[in-house]
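This report covers selected local features of one protein chain. It begins with a loop residue and then turns to helix packing, annotated positions and backbone geometry.

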Amino acid sequence: MLSYQHGFHAGNFADVHKHLVLTLLLQSLNRKAKPWSYLETHGGRARYDLSSEQALKTGEFRDGIARLWQQPAPEAVQGYLEQVAAVNEAALTTYPGSPLLAAQLAREADNINIMELHPAEAEALKAVFRQDSRVAVHHRDGYEGVLALLPPKPNRGVVLVDPSFEVKQEYQQLVRFIDKACKRWSNGCFAIWYPLLPADLWQQMKRDLAATGIRKILCSELEVASADGERGMFGSGMLVINPPWQLDQTLADVSPWLVEQLQVAAGSGRWRVDWLVPE
């Protein structure tokens, strides 16, 4: 699990989907003056150089954030694009990972705890936030670390669960974590990212999550290519437990536009927004 480095994939279509949802969640929290907590299981390095050897080797950002960069966008997407623009000037050279997006949207009283187990990624993460007292970086297992901090103070906020899924056991581990975490923080919002891959392992993960008895699980999936094509990851999924009011409608409104922008070929993309488990 320590071999994964997100620099190869930063700013790809899945990041766009995941980070748009995250931005919408944090913007919703900011509508109230009360402070919030943000926790993340797999932080990465927070700031990604799109001219780096890793980014250029795959070029995945070119079919992701680069397609949206400085383009007209629906109002619900503009807040996310503004956060990307905040770390760039005229050209798109940097991509903000989820810890940096959270810090940019956080206010003075908000509290952020980021877990990262990979030694080099954890050091890079610490360097980004060394001068930010609102952000604590923990070099530890993400599931164990977040559970140890639940329920957090302040007692409203979001947990982002964003593993690499390099091994198939990750799907079951994630379900066990969510089951424990929701018992410790029943009013918390949990955002879970997962890849859509030909092996279809995410389908069983969704069934297992539904079987836990947890209520109010919203599902948003974005496919940029055919599931039976030659690609590995053909889509991106997000599950949101205890989503804010009208997030389902907002995602249903913007998903057609996202598919149109990010699909590999005209007519190859699809989207869905529905309730895995209703209230």
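Arg 231 is found in the loop between strand E8 (217-223) and strand E9 (235-241); helices (H or I, at least four residues) and strands (E, at least two) are DSSP runs numbered from the N terminus. The structure is a predicted model, in which local features need pLDDT of at least 70 and side-chain atom pairs count only at pLDDT 80 or more, while totals for chains, interfaces and linings use all residues. Residues are numbered from 1 along each chain as its sequence is written, and side-chain values use heavy atoms, with hydrogens and water left out.

With a relative accessibility of 35%, Arg 231 counts as partly exposed. On this scale, buried means under 20% relative accessible area, exposed means over 50%, and partly exposed lies in between (1.4 Å probe, protein chains only). Not counting residues up to four places away in sequence, Arg 231 touches Phe 13, Pro 198, Val 224, Ala 225 and Val 264, where contact means heavy atoms within 4.5 Å. Arg 231 is 57 residues from Leu 174 in sequence, and their C-alpha atoms are 25 Å apart in space.

Leu 174 belongs to the H8 side of a helix pair, together with Tyr 171, Val 175 and Ile 178; the H9 side consists of Leu 201, Trp 202, Met 205, Asp 208 and Leu 209. Helix H8 (residues 169-184) and helix H9 (residues 201-210) pack at about 20° with their axes 9 Å apart. Axes are lines fitted to C-alpha atoms, for helices over the stretch in contact, and angles run from 0 to 180 degrees between N-to-C directions. H8 is therefore roughly parallel to H9, given that angles under 35 degrees count as roughly parallel, over 145 as roughly antiparallel, 65 to 115 as roughly perpendicular and the rest as oblique. The contact residues of this pair divide into eight nonpolar, no polar and one charged. Ala, Val, Leu, Ile, Met, Phe, Trp, Tyr, Cys and Pro count as nonpolar, Asp, Glu, Lys and Arg as charged, and the others, Gly among them, as polar.

A second pair is H1 and H4, whose axes come within 9 Å and cross at roughly 100°. That makes H1 roughly perpendicular to H4. Asp 15, Val 16, His 19, Leu 20, Thr 23, Leu 24 and Gln 27 of H1 meet Ala 76, Val 77, Gly 79 and Tyr 80 of H4. By class, this contact has six nonpolar, four polar and one charged residues. In helix H4 (residues 75-85), the buried residues are Val 77, Gly 79, Tyr 80, Leu 81, Gln 83 and Val 84.

His 19 lies in helix H1 (residues 13-29) and is buried, at 2% relative accessibility. The unreviewed UniProt entry places the feature "binding site" at positions including His 19 and Asp 141; such annotations may be inferred rather than shown by experiment, and feature names are shortened. Asp 141 is partly exposed, with a relative accessible area of 30%.

| Position | Feature | Angle |
|---|---|---|
| Leu 150 and Pro 151 | cis peptide bond | omega about -5° |
| Lys 153 and Pro 154 | cis peptide bond | omega about 0° |
| Asp 200 | positive phi | phi near 65° |
| Lys 216 | positive phi | phi near 55° |

Pro 151 is in the loop between H7 and strand E6 (157-161). Asp 200 is in the loop between strand E7 (189-196) and H9, and Lys 216 lies in the loop between H9 and E8.
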